[in-house]
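Dear colleague,

I am handing over the structure that follows, together with an account of what was found in it. Please read the account with the model open beside you.

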Amino acid sequence: MSYTFKPGFRLGIYICKDLEIVDFAAPYGVFSVARRFDPELEAFFIAESLRPVQAQAGFTVLPNYSFADRPDMDAFLIPGGFGTRQEINNGHLHEFIRGLPERTLLVSVCTGSWIYAKMGLLDGKAATNRKEPDRVEQSPSGKVPIDRLAELAPACRISRARVVDAGRIVTGGGISSGMEVGFHLLRRAGYGEDFIAEVARVMEYSKAYDVYATDIEYDDSHAPS
């Protein structure tokens, strides 16, 4: 199928304590540069409340919207990081997600997919997660995030692709895969490969984009024709 162009595509990025900075900064940065070519694109931050949120390493983010605002958006993205270990049990977040219109894409980077796994949204679908462990995860009691995803969602088909497009749900692999998730969301918004490649060129990311552009797994019939 070919994706339908969505004028004014809006990306909402969830922000909570102890998120990985690159997980949310990379897709936000892709949209920021793409706006130079199409100012109708928009990316913004959503949190439970309109209070500053401290991500990892003391990086503080001021959200644009709270859950109560219910902003209109075409995609909702959950980044990964240590914060997701608490967020998998955040009932307010789960309720917010379940209240989103069916047309809203559910997106994640890295361990953000754990949230969708815990909610049962990945059952019968393919998804990915970070594959490279850190020091804690390499310890005898640790668990690599992609293996933890399989544990949280035993009915999910685990993929090692950098990006997995399962229709409404789009998941990205490790930390820097937020770049490819950002590019793929432009694809889902209906922008052509020439447009996306030009955004990558301006970001001086062309060589990496050429390597990763095809590292996408489409689950079932969700691939573009």
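In what follows, axes are lines fitted to C-alpha atoms, for helices over the stretch in contact, and angles run from 0 to 180 degrees between N-to-C directions. Helices (H or I, at least four residues) and strands (E, at least two) are DSSP runs, numbered from the N terminus. Please keep in mind that this is a predicted model, in which local features need pLDDT of at least 70 and side-chain atom pairs count only at pLDDT 80 or more, while totals for chains, interfaces and linings use all residues. Residues are numbered from 1 along each chain as its sequence is written, and side-chain values use heavy atoms, with hydrogens and water left out.

To begin with the helices, the axes of α1 and α7 come within 7 Å and cross at roughly 45°. On the α1 side the contact (heavy atoms within 4.5 Å) is made by A26, P27, V30, F31 and A34, and on the α7 side by G178, M179, G182, F183, L185 and L186. By class, this contact has 9 nonpolar, 2 polar and no charged residues, where Ala, Val, Leu, Ile, Met, Phe, Trp, Tyr, Cys and Pro count as nonpolar, Asp, Glu, Lys and Arg as charged, and the others, Gly among them, as polar.

Helix α8 packs against both of these helices. With α1 the angle is about 105° and the axes are 10 Å apart, which makes α1 roughly perpendicular to α8. Here V30, V33 and A34 of α1 meet F195, V199 and V202 of α8, a contact of 6 nonpolar, no polar and no charged residues. Helix α7 (residues 178–188) and helix α8 (residues 193–202) pack at about 150°, again with their axes 10 Å apart, and are therefore roughly antiparallel to each other. In this contact F183, L186 and R187 of α7 meet E193, F195, I196, V199 and A200 of α8, giving 6 nonpolar, no polar and 2 charged residues.

Turning to the sheet, 8 strands form an open sheet of mixed pairing in the order β5-β2-β1-β6-β7-β11-β10-β12, where two strands pair if DSSP finds at least two bridges between them. Strands β5 (65–66) and β12 (216–218) stand at the edges with a single partner strand each, so one side of each is left without a neighbour in the sheet. Strand β6 (residues 75–78) and strand β7 (residues 105–109) pair in the parallel sense over 4 bridges, and the bridge partner of I78 in β7 is S108. Helix α3 (residues 91–98) lies across β1 (10–14), β2 (42–47), β6 and β7, running at about 155° to β6. Helix α7 also packs on the sheet, touching β1, β6, β7, β10 (163–166), β11 (169–172) and β12, and its direction makes about 160° with that of β7.

With kind regards

How values were computed:
Angles under 35 degrees count as roughly parallel, over 145 as roughly antiparallel, 65 to 115 as roughly perpendicular and the rest as oblique.
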